[in-house]
Amino acid sequence: MKCSHILLCCLLPLLCACGFRRYPSSLLMADSLASVRPDSALTLLHALAKDTADMPRADRMYYRLLCIKAADKAYLPHTSDSLIRPVLHYYMEQGDKRLLPEACYYAGRVYRDLGDAPQALDYFERSLEAMRQQENLKVKSKVYAQKGTLFLYQDMYPEALQAFRGSFRCNQGLKDTVGMIFNCRDMANCYRNLEQPDSALWYFRQAGALSREAHRIDMFRDVQSQLAALYIDLGKYDSAHFALQVALQEIEEPNRSGIYTIAARFYFETGRMDSASWYCNRLLECGNVYSKQSAFRYLLEMALQHRDALAVERYYLGYCQYADSVQWLTQTETVRLAHAYYNYQYREKEIVRLQVENARRNLLIAVILGGLVLLSLLFLLYWQYNKRKTCLLEIRMQRVKQLLNKGEQEVWETRRRIELLETRLHDTCQELNRKAFIEKELQLAKEQYAALVGRIEADKKRREQVALALTDTSIVKSLHKKAKSPVGVAIVTTGEWQALQEQVLHYYPEFFEKLDHLYLPFKADDMKLNMLLKAGFKPSDIAVLLRRPVQTITTMRRRLAEKLPLKEKITPAHWDEFIVSL
C-alpha cells in the first residue's frame, strides 16, 4: 500500500507537467534573450518569421508575444495595438494560462505608449488578477512599477508610492538588487513630490547603498545627481556639491542634459557665476528644450546683474523662444494626461456606481420581500389575536350581564367614562406642555440666529479691515510696483518673500496653520501663489511676480481647486475664493 502511494506521488508532477505545452527551442531561446539581449532576440525572431506560417496556432501566438516583448525591452515605442489584440484575445479565451499575466502586462505597455492610460491600467490590473492563480513575482514587479509610473504622470503620488512599494516587495523576493534600486529611487521621487524631504532623502540613500553593494557605479551616479537636486531644494549646498561632483565624474550622453542643468542651478544659487555660465553655455549646445530654457533664464539673470543691455536682450529673446516651446509641450502633455485621467476616473466611478446601484436594488428587493413576509405574519398574528380577544370579551360580557344588575351596570359604565375623561385630560395637558416647550425652543433658536448674523457681519467687517491693512503694507506696495513689469523681468528676492510671509502671518495668524490642516502637497510656488492671492493680487500680477505665464498660474489654481470637495464644476476662481475665506 505504501509503495502505491509513493508511486502515485512521483507520477503526479509528471502528469501535471504533461498538461503544459512545450514550445519550440528556437522560441524559448528568443524568450531567454529578450530580457538580456533584446536586439539579438529581435534578430532571431525576424529570422524565424518565415517559419511561423507552418507552426501551430499556440506557437504562432507565442511568437507574436515574443516580438512584442523583445521590442518593448529594446525601447522601441509601440505605435499600434493591432499585434497585441489577437494575442491577448487568444490567451484570455483558450491559450496557455501561464502566459496570460505576461500578455496582459505587455498589453498595458502597448496602450501606455499609445497614450491610453485607463486602458493600460486596466490591463495591468488584469495581469495582477491572472497572477492570483499562479504567482509570478518577476511579472508582478514590472506591473507594479508600470502602475506607479502611470500614477506619477497623473500626479497621483500616494497611489504611485503604494505601487512602487509593491514592486519593491516583489524584487525583494526575487533578490533583484537592480530592481530595488529603481524602486527606492522612484519612491524617493514620490516623497519629493509630496514635499516630504526626510523620507525622500532616506530612500535616495537606500538606493545609493544598494548601488554600491551591487557595484553599479552608473546607477550610483544617477542616484547622486537626483540627490544633489534634493539637497539644493533643502538649501544644503555642501552636501549638494559633494553629490554633484560624484555625478559629474562620468556622464552618459542621455543624462548629460539633466546633470548639467542641476550643476548650473547649483553654481548660480551659490554665487559661482563663472561656473554657472560655463554649464549654461554647454546646455545651449547639448541640452533639451527644458534645459535650454533654464540656461537662458540663468544667463538673463546674470546679465541683469552686470547691466549688460545687449546680453539681456539676446538672452531674453532666447528665453522667450524656449519658454514658448516649453509652454506648448507642457500644455499638450497636460491635456493628454488630464484626458486620460478623466477617462480613467469616469470609468471607475461608472463601475462603482453600477455596482452600488445593483447592490441597492438587490437590497431593496430583499427588504421589500422581507417586509411583505413580515407584514403577512404580523397580519396573521393580529387576526388570530383579535379573534381570540373578541371571543374572550364576549364571554366576559355575558358573565358580567349575568352577575350585575341594572344599577351596578350603570355604576360600572360611569366609572369607565370617568377613566376615559381623565385619560383625555392627561393627554391634553401633555400636548400643552409640549407646545410651550417648542415655543421656548423656537425663541431660543431665533436669538441664536440673530447673534450668529451679528457675529458674521462683525467678522466680515474685520476681514475687510485686515485685508485693507495688509494691502497698505510696504512689502505689498513694493510687489504691486514690480507686478507692473513684463513677465519674466521682475525678480522677487527671498527676503521679499519672507517679508510677505511675515505680513500675512501677522494679519492672518491662522492662515498657514489652516493650510497645513488640509494635508495637501503644497509646493514652494503653490505657497507663494496662496500668499499673493491672500494679499489681493490678480492672476496677471501673480504671473509677473512668479515669472510664469498666466496660463500656468491658471493651471496651478485649477489643480489646487480640484482637491477641494466641491460638487459643482471646478474653476480656478474656486481656489481664489477658498484662499480669501481662510
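Student: How many salt bridges does the count come to?
Tutor: The count comes to 25. A salt bridge is a side-chain nitrogen of Lys or Arg within 4 Å of a carboxyl oxygen of Asp or Glu. This is a predicted model, where local features need pLDDT of at least 70 and side-chain atom pairs pLDDT 80 or more, while totals for chains, interfaces and linings use all residues. Side-chain values use heavy atoms, without hydrogens or water, and residues are numbered from 1 along each chain as its sequence is written.

Student: What makes Arg-98 and Asp-96 a salt bridge?
Tutor: Their side chains meet at 2.7 Å, N to O. That is within 4 Å, so the pair qualifies.

Student: Is Asp-96 buried or exposed, and how do you know?
Tutor: Asp-96 has 14% relative accessibility. Buried means under 20% relative accessible area, exposed over 50%, and partly exposed in between (1.4 Å probe, protein chains only). Therefore Asp-96 counts as buried.

Student: Where do Asp-122 and Arg-126 lie?
Tutor: Both lie in helix H7, residues 117-130. They are 4 residues apart, about one turn of the helix. Helices here are DSSP runs (H or I, at least four residues), numbered from the N terminus. The two side chains meet in a salt bridge at 3.3 Å, N to O. Asp-122 is partly exposed at 27%, and Arg-126 is partly exposed at 34%.

Student: Why can the pair Arg-185 and Asp-222 be said to tie parts together?
Tutor: Their side chains form a salt bridge at 3.5 Å, N to O. Arg-185 lies in helix H10 (177-193) and Asp-222 in helix H12 (217-234), so the pair ties together parts 37 residues apart in sequence. Asp-222 is partly exposed, with 21% relative accessibility.

Student: Which residues are joined into one network?
Tutor: Arg-192, Asp-233, Arg-265 and Glu-269. Salt bridges that share partners join them.

Student: What lines the second largest pocket?
Tutor: The pocket holds about 300 Å³ of space. Its lining has 18 residues, and the closest to the centre are Asp-31, Arg-98, Leu-99, Glu-102 and Asn-136. Helices H2 (25-36), H4 (57-73), H6 (100-113) and H8 (137-153) each give two or more residues to the lining.

Student: What makes a set of points a pocket?
Tutor: On a 1 Å grid over the protein atoms alone, a pocket is an open set of points where a 1.4 Å probe fits, with protein on both sides within 12 Å along at least five of seven lines. Lining residues have an atom within 4 Å of a point. Points join across faces, edges and corners, and the volume is the space filled by probe spheres set on them.

Student: How do the lining residues divide?
Tutor: Into 7 nonpolar, 3 polar and 8 charged. Asp, Glu, Lys and Arg count as charged; Ala, Val, Leu, Ile, Met, Phe, Trp, Tyr, Cys and Pro as nonpolar; the others, Gly among them, as polar.

Student: Is Arg-307 buried or exposed?
Tutor: Exposed, at 78% relative accessibility. Arg-307 has a positive phi of about 55° although it is not a glycine. It sits in the loop between helix H16 (289-306) and helix H17 (309-403).

Student: Is Arg-547 buried or exposed?
Tutor: Buried, with 13%. Arg-547 also has a positive phi, about 60°. It sits in the loop between helix H23 (539-545) and helix H24 (550-561).
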